[in-house]
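The walk below starts from the space around it and ends with the backbone.

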Amino acid sequence: MIDLYAAGTSNGMRARIALEECGLKYNWHPIDLTKGEHKTPQFLAMNPNGAIPVIVDNEGPGGQKVTLSQSSAIMMYAAEKTGKFIPKDPARRAAMLEAYMSASTDVTPMFGSVNACVRAKEPHVAAGDMFKGRLKDLFQVWDAKLGKHKYAAGDELTIADLSLYAGYWRTKGVFPELVAGMPSLERWGKEMGERPGIQRALKI
Ligand SMILES: N[C@@H](CCC(=O)N[C@@H](CS)C(=O)NCC(=O)O)C(=O)O
């Protein structure tokens, strides 16, 4: 059994989407970031960075316990453990990696930058607008890509889609104007949002 420690952020949901979509059983441990539950000695022993998500897989490789942070590492770990959502063909795998890294390291951190500027005690309007523009530009590129093929990395659903959905879902929920007027992205988002695994993951 896996233990998942997370909150309803895009990084937290990336990990939960991974476990749900891969069909892995897990215990859900909600972490209240507002109460600093991610800074307790017990939590820091799992992730010294004091950030969610973290999983503890009591049946990791060779039957050994594995403790893992970083939402995208957790997603890849779950996919490799179950043999799902990672193309076998090397060219498709390369395309998947490019899309996966963009979803995980461009979109979500950009969302985080917008959020930090907007929600600061003294909001940084100019910086917030700049990051909003960059995030919208990223989604516009995704919209164009999804106009050419069904999924983030081609015609096959991969962890790139699962990762991108976490960032898309958070952005749409908080700053809907940044994904508005992008029909292919919306078509893809609707299809992803209807997946039972994603629906279970986001029910928190
Ligand atoms: N790169 C990490 C980022 C993790 C992260 O920044 N988590 C945030 C929530 S989305 C967090 O726990 N922040 C609390 C803090 O830094 O105090 C990942 O993908 O998991």
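Predicted model: local features only at pLDDT ≥ 70, side-chain atom pairs only at ≥ 80, totals over all residues.

Start with the open space. The largest pocket has a volume of about 500 Å³. Its lining counts 26 residues, and the closest to the pocket centre are T9, N11, I52, P53 and T108. Three helices each supply at least two residues of that lining: α1 (10–22), α3 (71–82) and α4 (90–119). The largest share comes from α4, with seven residues. By class, the lining has 16 polar residues, seven nonpolar and three charged.

Now place the ligand. The space it takes is the largest pocket. Around the ligand stand T9, N11, H38, K39, G50, A51, I52, P53, Q70 and S71. This shell divides into six polar residues, three nonpolar and one charged.

Next, look at the polar side chains that face the ligand. Which ligand atom lies 2.7 Å from a polar side-chain atom of Q70? It is a nitrogen atom. For S71, an N or O atom of the side chain is 2.7 Å from an oxygen atom of the ligand. K39 also has a polar side-chain atom 3.3 Å from a ligand oxygen. How much of the ligand does the protein bury? Taken alone, the ligand exposes 510 Å², and the protein buries 64% of that.

Two of the shell residues deserve a look at the backbone. Most residues other than glycine have a negative phi, and most peptide bonds are trans. The peptide bond from I52 to P53 is cis, with omega near 5°. P53 has its place in the loop between α2 (41–46) and β3 (54–57).

Then turn to Q70. Its phi is near 75°, a positive value in a residue other than glycine. Q70 lies in the loop between β4 (66–69) and α3. The side chain of Q70 has the polar atom 2.7 Å from the ligand nitrogen.

Go on to the side chains of K39, Q70 and S71. Finish at the cis bond from I52 to P53 and the positive phi of Q70.

Conventions: Residues numbered from 1 in each chain as written. Heavy atoms only, no water. 1 Å grid on protein atoms, 1.4 Å probe; cavity = no way out; pocket = protein on both sides within 12 Å on 5 of 7 lines; lining within 4 Å. Points joined across faces, edges and corners; volume = space filled by probe spheres on them. Helix = DSSP H or I, 4+ residues; strand = E, 2+ residues; numbered from the N terminus. Nonpolar A, V, L, I, M, F, W, Y, C, P; charged D, E, K, R; others polar. Near = heavy atom within 4 Å. Polar contact = N/O pair within 3.5 Å; in protein donor to acceptor, adjacent residues only side chain to side chain. Areas by Shrake-Rupley, 256 points an atom, 1.4 Å probe, with all protein chains shown as cover. Sits in = over half its atoms within 2 Å of the grid points.
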